[in-house]
Amino acid sequence: PYVATLVTARNLMPWQILLVACVLSALRFKYERRPSARVVVLLAAALSVVQVVWELYPGLRNRRLDDATPDYVTAEGLTKMGIRPGANVAVIGFGNDGYFAYLGGLSIVAEIERKSACEFWQAPRNTQSNVMEKLRQSGAQAIVANTGSQVQSTAESMRIDVASCAHPGGGWRQIEGSENHVYFLQ
């Protein structure tokens with residue numbers, strides 16, 4: 001049996017088209033004899049178009065949230081830098097959106113959530129060092145930090161601008177082709 005667990009516009013649009021088609025096919029009238037039939041068909045088509053645009057516009061305006069390109073680039077960059085599938089990593093500022101780890105076959109063993117990322121970057125260097133030591137003790141081989149604007153949260157309604165507060169210092173290396181950075185712990 002099919003159970004809808006994630007309701008998104010892209011999953012609903014095909015069903016919407018089928019629903020409109022069913023409603024239109026259920027109407028029984030002679031198209032050429034009744035001008036109201038033409039109005040019903042045009043209204044149903046217009047409402048469908050408006051609904052599709054309504055659902056797609058926010059994603060197109062603010063860059064699509066389901067665009068995995070930044071995650072692929074981050075995963076490939078980490079592989080080029082020597083982080084192999086199966087490695088343990090800690091993350092800063094990704095929240096539920098650390099898809100690069102899945103794509104690279106990595107295990108996230110510790111994290112600093114997106115809402116606390118700016119607090120980490122604004123802390124004194126000795127506090128950052130203490131936190132990074134705790135992350136190393138968790139078994140992480142590297143820390144991957146969201147330091148750009150390409151990764152947008154799919155779980156939080158309020159946008160947190162990590163790029164404005166992230167200031168990686170010495171030891172952090174930018175991942176090739178990505179706005180994100182990595183710090184090797186071991």
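Helices here are DSSP runs of H or I with at least four residues, numbered from the N terminus. By that rule, Gln51 is found in helix α2, which covers residues 35–61. The model you are looking at is predicted. Its chain has seven helices and five strands, and 32% of its 186 residues count as buried.

**Overall layout**

- Starting at the N terminus, the order of elements is α-α-α-β-α-β-α-α-β-α-β-β.

**Salt bridges**

- The structure holds three salt bridges.
- One of them joins the side chains of Glu176 and Lys80, at 3.8 Å from N to O. This pair ties together distant parts of the chain, 96 residues apart: Glu176 belongs to the loop between β4 (173–174) and β5 (181–184), while Lys80 belongs to helix α3 (residues 69–80).
- Glu176 has a relative accessibility of 53%, so it counts as exposed. Lys80 is exposed too, with a relative accessible area of 61%.
- Another salt bridge pairs Glu113 with Lys115, whose closest N and O atoms are 3.7 Å apart. Glu113 is partly exposed, at 39% relative accessible area, whereas Lys115 is exposed, at 61%.
- Arg136 and Glu133 also meet through their side chains in a salt bridge, at 2.4 Å from N to O. Both residues lie in helix α6, three residues apart, which is about one turn of the helix.
- Arg136 has 32% relative accessibility and therefore counts as partly exposed. Glu133, at 31%, also counts as partly exposed.

**The second largest pocket**

- The volume of the second largest pocket is about 160 Å³.
- Helix α6 (residues 125–137) gives the most to the lining of this pocket, with six residues.
- Among the lining residues are Arg125, Gln128, Ser129 and Met132. The salt-bridge partners Glu133 and Arg136 are part of the lining as well.
- By class, the lining is made up of four nonpolar, four polar and three charged residues.

**A nonpolar patch on the surface**

- Tyr72, Tyr99, Tyr102 and Leu103 form a nonpolar patch on the surface, and together they have about 470 Å² of accessible area.
- Helix α4 (residues 99–104) supplies the largest share of this patch, three residues.
- Tyr102, which lies in helix α4, counts as exposed because its relative accessibility of 71% is over the 50% cut-off.

**Points to look up in the model**

- Which helix gives the most to the lining of the second largest pocket? Helix α6 does, with six residues.
- Where do Glu176 and Lys80 lie? Glu176 is in the loop between β4 and β5, and Lys80 is in helix α3.
- Is Tyr102 buried or exposed? Tyr102 is exposed, with 71% relative accessibility.

Terms used. Residues are numbered from 1 along each chain as its sequence is written. This is a predicted model: local features need pLDDT of at least 70, side-chain atom pairs count only at pLDDT 80 or more; totals for chains, interfaces and linings use all residues. Side-chain values use heavy atoms; hydrogens and water are left out. On a 1 Å grid over the protein atoms alone, a cavity is a set of points where a 1.4 Å probe fits but cannot get out, and a pocket is an open set with protein on both sides within 12 Å along at least five of seven lines; lining residues have an atom within 4 Å of a point. Grid points are joined across faces, edges and corners, and a volume is the space filled by probe spheres set on the points. Helices (H or I, at least four residues) and strands (E, at least two) are DSSP runs, numbered from the N terminus. Ala, Val, Leu, Ile, Met, Phe, Trp, Tyr, Cys and Pro count as nonpolar, Asp, Glu, Lys and Arg as charged, and the others, Gly among them, as polar. Patches are made of residues with over 30% relative accessible area and no salt bridge: like charges are joined within 9 Å, nonpolar side chains (Val, Leu, Ile, Met, Phe, Trp, Tyr) within 5 Å. Accessible areas come from the Shrake-Rupley method with a 1.4 Å probe; for residues, only the protein chains shown count as cover. A salt bridge is a side-chain nitrogen of Lys or Arg within 4 Å of a carboxyl oxygen of Asp or Glu. Buried means under 20% relative accessible area, exposed over 50%, partly exposed in between (1.4 Å probe, protein chains only).
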